[in-house]
Structure formats: C-alpha cells, structure tokens
Amino acid sequence: MKTMEMANIKKTVGTLALATVLAFELLLCSGCGTASKTLTDEEIAGFNTEFFNSEANKMNNMLLSSEYDTPEEIDLFELFYNGFYNSVSGNWSQAGEEELAILAELDDAAIYLDVMKVTAEEMEAVLQEKLGLSLEETQKKGLENFYYLEEYDSYYLVHGDTNFDWCTVTSGIRESGDRLTLEYTKEYEGGQWVVTLQKTDDGYLFVSNRRAD
C-alpha cells in the first residue's frame, strides 16, 4: 500500500515539474516573439534612401520638422511650411495667378516672396496617410499662421526660405507590436533626434518625433 502511495506521489510531482517546465518554455517563447530587434545596416540604408530623402517621400522628411509626443500635437505650420509635395509631378503645389492676386492684397510680401500652397484635400490626405488622423482630430497647432481662401479651399504661406532638411538614420530598434524607433541626425540642425513609427499594412504611421539630447 505504501509503495503504491509513494508511486502516486512521485507521479504527481513529476507531472507538476513537467507543467512548470512547459510553462517556463512558453514564457520564453512568448518573450522571443516580443523582444526588441536592432535594425540591420541594410534596413537602415533603406530608411535613408527610400523612406526618407527620396523624391517620392519628401513629405516624410517634413514630418520631422517639428517635435511632438503624439500625432495630435504636430505643428501644421512646420509640416506644411513648403506647401504640399506632389510626388507624381515632382513639384511643390503652386498658387495660380488669381490666388496670387488675392494674397497680394492680404500680404504685400506675396508680390516678391514665394507663396506656398496646400489644398484642404491635400492636407487631409497627408494627415490621414502619415498620422492616421483627420485635421479635426489634431490640435490644429500652427494653422492660424496660414492664409485660407475659401473659394479655393486652400491654405497659403508667404515666405522666402525653406525648412526642408535631409536626415541620416544612424540606428533603429524594432519593438513589440510592430513599433519602430529610429535615431537620426539632420543636415542643417544639430543634435540627435528620435522618431517613432507604427507599422501598418500600407507602410508606417508617425507616432512621435523628439530630440534625444
């Protein structure tokens, strides 16, 4: 009888031990699936030449022009400082002669400085594609700096310089949940920066952009 009881005890202990081992292995396995992963040199090169700094994705560089902790906080004045870049035509949007005439009445500088234009539709499209937000969902930070012409449903800035900047991604980490953190520098502005991206089926959404120093 005692022999049978000892056998049952050993069997129970063995079963518990096996369950503990399996649970530990499962925990390790789940950890492997969510562990951070450093980007390879090839991946970093792709961000430097395709995602940023390319003719097709100049608006991605513009999304690095201001600091924001959440997409809602982005500065629209900085984002659309140069208007809207049309990757199909390879040009920034231009205001027509009638628009320029109206703007000249609002701002004398429009006669001799550049006029940057972005339609409401273009602004909405960029915000939806790059941030996953509508204009109404943002804080509309910097929007008060634009001239808005209702008859053209467009926003305009008058100035003679640019805030476009090239960037160099120096390192990156792919985190759990398909979130990506990239460290980078700017060509014309000193310091280190960190941009966070969220992977989607169609590409990446910008989550935040901050100074790292």
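In this predicted model, the side chain of Ser 66 reaches the backbone nitrogen of Asp 75 at 3.5 Å, and Ser 66 itself is placed in the loop between helix H3 (58-62) and helix H4 (76-79). The protein chain as a whole has 6 helices and 10 strands, and of its 213 residues 40% count as buried.

- The C-alpha atoms of Ser 66 and Leu 79 are separated by 7.2 Å, although the two residues lie 13 residues apart along the chain.

**Lys 130 in helix H6**

- Lys 130 belongs to helix H6, which covers residues 120-131, and with a relative accessible area of 11% this lysine is buried, because the value falls under 20%.
- The side chain of Lys 130 makes a polar contact of 2.9 Å with the side chain of Asn 60.
- Beyond its neighbours up to four places away in sequence, Lys 130 touches Asn 57, Asn 60 and Leu 63, and also Tyr 204, Leu 205 and Phe 206.

**His 159 in strand S6**

- His 159 is found in strand S6, and its relative accessibility of 8% places His 159 in the buried class, because that class takes in values under 20%.
- The side chain of His 159 reaches two backbone oxygens, that of Tyr 81 at 2.7 Å and that of Asp 161 at 2.9 Å.
- Residues up to four places away in sequence being left out, His 159 touches Tyr 81, Asn 82, Leu 113, Asp 114 and Met 116.

**Nonpolar cores and chain totals**

- In soluble globular proteins, nonpolar side chains tend to be buried together.
- Here the largest nonpolar core has 41 residues, and those with the most contacts inside it are Phe 47, Leu 79, Phe 80, Leu 182, Leu 197 and Phe 206.
- Helix H6 supplies the largest share of this core, with 5 residues.
- A second, separate core has 8 residues, including Ala 95, Val 115, Leu 149 and Val 158.
- Leu 182, with neighbours within four places in sequence set aside, is in contact with residues that include Leu 39, Phe 47, Phe 52, Val 169, Trp 193 and Leu 197.
- Among contacts in the protein chain between residues at least 6 apart in sequence, 57% join residues at least 24 apart.
- The chain exposes about 12600 Å², of which carbon and sulfur atoms supply 54%.

- Three strands form an open sheet in the order S4-S6-S5, with antiparallel pairing.
- Strand S4 (114-119) and strand S5 (147-149) are the edge strands, each pairing on one side only.
- The twist from one strand to the next averages 30°.
- S5 pairs with strand S6 (residues 154-159) in the antiparallel sense over 3 bridges, and Tyr 148 stands opposite Tyr 155 in S6.
- Helix H5 (residues 97-106) packs on the sheet and touches S4, S5 and S6, with a direction that makes about 135° with that of S5.
- Helix H6 lies across S4 and S6, running at about 65° to S4.

- Strand S7 (residues 167-174) and strand S8 (residues 179-186) pair in the antiparallel sense over 7 bridges, and Thr 168 stands opposite Thr 185 in S8.
- S7 and S8 form a hairpin with 4 residues between them, and Gly 177 in the turn has a positive phi of about 70°.
- S8 also pairs with strand S9 (residues 192-199) in the antiparallel sense over 7 bridges, where the bridge partner of Thr 185 is Gln 192 in S9.
- The hairpin of S8 and S9 has 5 residues between the strands, and there Gly 191 takes a positive phi near 100°.

Definitions and conventions. Residues are numbered from 1 along each chain as its sequence is written. This is a predicted model: local features need pLDDT of at least 70, side-chain atom pairs count only at pLDDT 80 or more; totals for chains, interfaces and linings use all residues. Side-chain values use heavy atoms; hydrogens and water are left out. Helices (H or I, at least four residues) and strands (E, at least two) are DSSP runs, numbered from the N terminus. Buried means under 20% relative accessible area, exposed over 50%, partly exposed in between (1.4 Å probe, protein chains only). A polar contact is a pair of N or O atoms within 3.5 Å; within protein, one must be able to donate a hydrogen and the other to accept it, and residues adjacent in sequence count only if both atoms are side-chain atoms. Contact means heavy atoms within 4.5 Å. Accessible areas come from the Shrake-Rupley method with a 1.4 Å probe; for residues, only the protein chains shown count as cover. A nonpolar core is a set of buried Ala, Val, Leu, Ile, Met, Phe, Trp, Tyr and Cys residues joined through side-chain atoms within 4.5 Å. Two strands pair if DSSP finds at least two bridges between them. Axes are lines fitted to C-alpha atoms, for helices over the stretch in contact, and angles run from 0 to 180 degrees between N-to-C directions.
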